[in-house]
Each structure stands twice: as structure tokens, then as C-alpha cells.
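Please read them with the structure open.

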Amino acid sequence: MTTSPVNLQDLTKRIYAKAKEEPRHRFWGLYVHVFKPETLRAAYDLAKGNDGAPGMDGVTFEDLEARGVEAFLDEIGQELRDGAYMPSANRRKEIPKGNGKVRVLGIPNIKDRVVQGALKLILEPIFEADFSDVSFGYRPGRTQHDAIDRVKHGINRVHTRVIDIDLSGYFDNVRHHILLQKVAQRTCDPRVLRLLKLMLQANGKRGVPQGGVISPLLSNIYLHDVDKVMERATDTTKTRDFPNMTFVRFADDMVALVSTHPKFGRTEWLVTALMQRLTEEFTKLDVTMNREKTRLVNMDAGESFSFLGFDFKLVPRRPDGPPGKKPWTILQTPRTKKRSEVLDGVREVLSRYGSALPTREVIARINSRVRGWVNYFKYGNSSEAFGYVRFHVEKAIRRLLMRRLNKRGFGWKQWDDAFIYGRLRLFDGYRVARHVAAPLRSRYAT
């Protein structure tokens, strides 16, 4: 793949076009592009844009800016060129999951983030050309809401028998030799494979660390064959060109929805066949389905399932609705757990900064958390959840104001909404919106 000088954007588009045109082509000569100054600079800018805490070495972006970024990137480039680069172990950080368990994030040093980012910039267009339309997680030009729209589209097709799939510790159990074999199917550059192997082994004998820059791409590569199997199942089980199932995956969160439409007969056999096929594919990958959390859901019987933070359920349509429509509609509401999480975040801000910062600065930090939560959940039937969160956030701010006056209560009469939301500028953008999906098109396509 070594070519005459070309900028990074053109290079990745050329790689993508070649991969799309020749699905069996194995790329060589990629490594020289990883340590190019333009690639390293782009990887650094992406890492800095995401910010994040420092790794094991404690070095921050501010430290690097003070020392000189160009010298830092030149040093990385030289190490990669000489084959002397050795990644460091990640700093481990435990994030509570709300069920008494924790999710362990691996936070790389900035140097390792840059190298991972550079390798990702070169490898991603190859695998983007291969990835399935049923996969949405951590892919350029695709969002969680796009995945949710695909699920709703399936339900509207009366795909209302649902396999809600849960994997046990997926990221922690990725087998390195299987992953490297999958990458080697598309690249025969030994230095790329060596670099990737070093990255994986720096943090243990198996798994890809959550928090690594390249981990999302690797996790999608690992599950790609599952996507293709589900795509083939969709094609082969069609009835008169109407699909009898929908499969959607966002990273390790996935659902399969099977038709219950009376025109197409009984499809219970398909649920059983899909469960068996998924089990076979996960066994090949040494990935385990959590049998306790993997559920078979019958939406027609009033049961619900969760996907990407939302609960999905069928409810009767209003009798005064338009004629000729289905007798039900989809209710898409934020999970109670997600509502609790944002309020826990508000309490954390108040606990940490409530007595240390001016009121407006405390509110600015709360607004940042609440705004992000609302912007995600506004695409759904979220009015009730929004009202609940708004009330409790306002109540918490009023309690803060009263405590600063050494008084009890919440000051409902003392401060009106104009003061709380106008003068103090507490976030008040709790408005539901309709998600308008953009066409799904790779950014590498010309």
C-alpha cells in the first residue's frame, strides 16, 4: 500500500475504496503510514479533543503543550520507525454500574493513545468497508439513535418477538489470537500485526481494555462474523421479500427481533434457530451469553425490553387515532436506572462543590450533566421522566440556596422560576424532539 506522498484524508479514502472493491485483498505496507507526522498529529488532536484523565505516568496534555508537542510526536515517530516503541500498562479506574458491580476502564498514557489512534486511523477504513449495516457501535457516521431507529423500524414491521442478548464480560474476554487472526485476514503487514499484538499484551493475556482508543474498532472486528451470520439469516428467512427478523448491534449490546405477523405464519422456530446459531458463533469466539440476563420477550403479551438506555413496550393506540393503523404504538421511555444515574450525578456535584464554589459555578457543572442526559433522551417518550428529573434538580438547587442562608426547607415561595431558571440560569431545556436520521454513509466514501 506504500504510495507517493498523499495527505491522510486522501489516503484513508483510497484504502477504503480498495477494500470495498476487493473484499479479499490483504493490505501490505501500511506501517509506514502509522508513523507519518501527519498521522501522528491527527491522532494527537483527536486524543486531545477527547481530553480524559492521565494514564499511569501522570502526564497531561498541559504538560505536553508546555514541553512542545512537535518534539513529543517526533520522538514517537522515531520509536515506531526503529521498532523500539513499547506500550505501557493502562491505569485502571473502576466505574460503579449501579447494581453493586463496577466497570473497569483502562486509561492509557497519552503517548499510547496517540499510537493507538494512529493505527486506528490507518486500519479503520479497511474494516469500515467490510462492516455490516446491522452494526452501529463506535462507527463514523453512525449513532446510538440510528441503532434505536432500526429497532423501532423492526417493531413497526411486527417483529415483536425479541431476543434480548447479554454477553458476560465481553471486553474482558476477547481472545487475542482470534482477534489477530481476524485482522490478518485483511492485512499482511507483519509490523502492523506486531504493533497490535504489543498493544494487546500490555494489559494482560486476554481482553481489550474499555477506554483504549483502538478498542472499539477491535471489538467490532471481533464480532463482525456474528453480524454477517445474522445478515444471512435475515436474507434466507424472508417471506415473499418481507424480512421475518431484524438484528441490531451496538458494540456488545444487541437484539434480534422476530416477526409475529399473522400473514407469515408461526415463526417460533426462528427464535429457537437464532438462539442456537448465536450460541454457536459466540462459542467460536470464546464469548459467553449471560443466560440469566439474556431474555426472550413477547411484546404482544405486554412485555418490554431495554436497549441503549431506553425501555421499549407496545401500548394501545388512542381510539381517536387515524384509521387503518396498527392497534398499538411503541412506547420508548428512559430506563428508571438512567433517570437515577443523572440525579446521582447532580448529587455528586453538590457534594463535591456545593460548599466550595459560587452558586452559578455549581449550577454550570450541574447543567453540563443534565444537558447531555436530556440531549440523549429527548428522542423518545420522555416527558414524564423529564418532569421528574427537572423537579428533583430544581429541588436540589433550592435546598442548596436555603442551606447557604442557614435555613431549612426549599424556598418555594422565596424564589420563583424566573429567578431559578432566569437569574441563576439553571438548565430548563427539557423538550422532546423527533429524531431525523441522516442517510448512513461512510465518511471514507468518495
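1. The largest cavity has a volume of about 110 Å³. A cavity here is a set of points on a 1 Å grid over the protein atoms alone, where a 1.4 Å probe fits but cannot get out. Points are joined across faces, edges and corners, and the volume is the space filled by probe spheres set on them.

2. This is a predicted model: local features need pLDDT of at least 70 and side-chain atom pairs count only at pLDDT 80 or more, while totals for chains, interfaces and linings use all residues. Residues are numbered from 1 along each chain as its sequence is written, and side-chain values use heavy atoms, with hydrogens and water left out.

3. The largest cavity is lined by 17 residues, of which Gln 116, Met 199, Leu 200, Asn 203 and Pro 209 are the closest to its centre. Lining residues have an atom within 4 Å of a point.

4. Helices H6 (110-128), H9 (190-201) and H10 (215-236) each give two or more residues to this lining, and H9 gives the most, with 3. Helices are DSSP runs (H or I, at least four residues), numbered from the N terminus.

5. By class, the lining of the largest cavity has 11 nonpolar, 5 polar and 1 charged residues. Ala, Val, Leu, Ile, Met, Phe, Trp, Tyr, Cys and Pro count as nonpolar, Asp, Glu, Lys and Arg as charged, and the others, Gly among them, as polar.

6. The second largest cavity has a volume of about 40 Å³. Its lining has 4 nonpolar, 1 polar and 4 charged residues, including Lys 120, Glu 124 and Arg 139.

Key: 1 Å grid on protein atoms, 1.4 Å probe; cavity = no way out; pocket = protein on both sides within 12 Å on 5 of 7 lines; lining within 4 Å.
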